[in-house]
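Here's a quick briefing to read with the model open beside you.

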Amino acid sequence: MRHKKKKTGQHESAVDDGVDMSNEEQQSAPHDEPMDSAPNLEDDLKARLKALEQEKNDLSDRLLRTMAEFDNYRKRVTREKEGLVKYGTERIACEILPVVDNFERALEQSHQATDPGAVVDGLQMILKQLLTALEKFEIKPFHSIGERFNPEIHEAMAQQEHPDHEDNTVIEQFQKGYMLGERMLRPARVLVSRAPATPDET
């Protein structure tokens, strides 16, 4: 009996040792995977950070290039605008200066003229020359007398009762109005009719 117990004890010890070894293997197995995955996660984060840094640098470079291109475009447009204004002024001057020359000659001749009609004819020719020069730049006067008063192109200086005209009709022009293309350049200063008051209104 004692011999059997000894064997049984040895058997139990062997079994216990086997159980202990299997538990150690089971406990050590789960811990191996996190230790292996931690470096991989760190490398992945570094790669993503590097990619984001590169993307930021690319966007920064693109922004700087866009700002530089816009600044160059703004400067070019400003130069072109200044050139157009200067060129337009030169064109107007070249058309107006001959008219000024004719006015000066007409004034010199008017001191020696014996026929007032000739002076008037000369002034009319100069005026026609001036209007022709203005038309080259789409500057034209517009007709107002007899037209219905339009606040967009007319400036009423006064109103006057007039039995021969409808109410709000331009009956006299103090200063001629001009258009620049389709846009009003200067309004016409006019006298506007007003319907006569009826006996009941008086």
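A pocket here is an open set of grid points with protein on both sides within 12 Å along at least five of seven lines, and its lining residues have an atom within 4 Å of a point. Keep in mind that this is a predicted model. With that said, the largest pocket comes to about 230 Å³, the structure holds seven salt bridges, and three strands make up an open sheet.

**The largest pocket**
- Its lining is made up of Asn102, Arg105, Ala106, Gln109, Ser110, Ala113, Ala118, Val119, Gly122, Leu123, Met125 and Ile126.
- Two elements, helix H1 (2-110) and helix H2 (116-135), each give two or more residues to that lining.
- H2 has the largest share, with six residues.
- Sorted by type, the lining has seven nonpolar residues, four polar ones and one charged one.

- Glu42 pairs up with Lys46 in a salt bridge, and their closest N and O atoms are 3.6 Å apart.
- Because Glu42 and Lys46 are four residues apart in helix H1, about one helical turn separates them.
- Glu42 is partly exposed, since its relative accessible area is 45%.
- Asp71 and Lys75 also meet through their side chains in a salt bridge, at 3.3 Å from N to O.
- Both Asp71 and Lys75 sit in helix H1, again four residues apart, or about one turn of the helix.
- Asp71 counts as partly exposed because its relative accessibility is 26%, and Lys75 counts as partly exposed at 40%.

**A salt bridge between strands**
- Glu161 and Arg194 form a salt bridge, with 3.9 Å between the closest N and O atoms.
- This pair ties together distant parts of the chain: Glu161 is in strand S2 (residues 154-161), Arg194 is in strand S6 (residues 188-194), and they're 33 residues apart.
- Glu161 counts as partly exposed at 38% relative accessibility, and Arg194 is partly exposed too, with a relative accessible area of 35%.
- Back among the other charged residues, Asp71, Arg74 and Lys75 are joined into one network by salt bridges that share partners.

**The open sheet**
- The three strands come in the order S1-S4-S5, and the pairing is antiparallel.
- Strand S1 (139-142) and strand S5 (183-186) are the edge strands, each pairing on one side only.
- From one strand to the next, the twist averages 40°.
- Strand S4 (residues 177-180) runs antiparallel to S5, and three bridges join the two.
- If you want a spot to look at, find Tyr178, which stands opposite Arg186 in S5.

Conventions
Residues numbered from 1 in each chain as written. Predicted model: local features only at pLDDT ≥ 70, side-chain atom pairs only at ≥ 80, totals over all residues. Heavy atoms only, no water. Pairing = 2+ DSSP bridges. Axes fitted to C-alpha atoms, helices over the stretch in contact; angles between N-to-C directions. 1 Å grid on protein atoms, 1.4 Å probe; cavity = no way out; pocket = protein on both sides within 12 Å on 5 of 7 lines; lining within 4 Å. Points joined across faces, edges and corners; volume = space filled by probe spheres on them. Nonpolar A, V, L, I, M, F, W, Y, C, P; charged D, E, K, R; others polar. Salt bridge = Lys/Arg side-chain N within 4 Å of Asp/Glu carboxyl O. Buried < 20%, exposed > 50% of the residue type's maximum accessible area, 1.4 Å probe, protein only.
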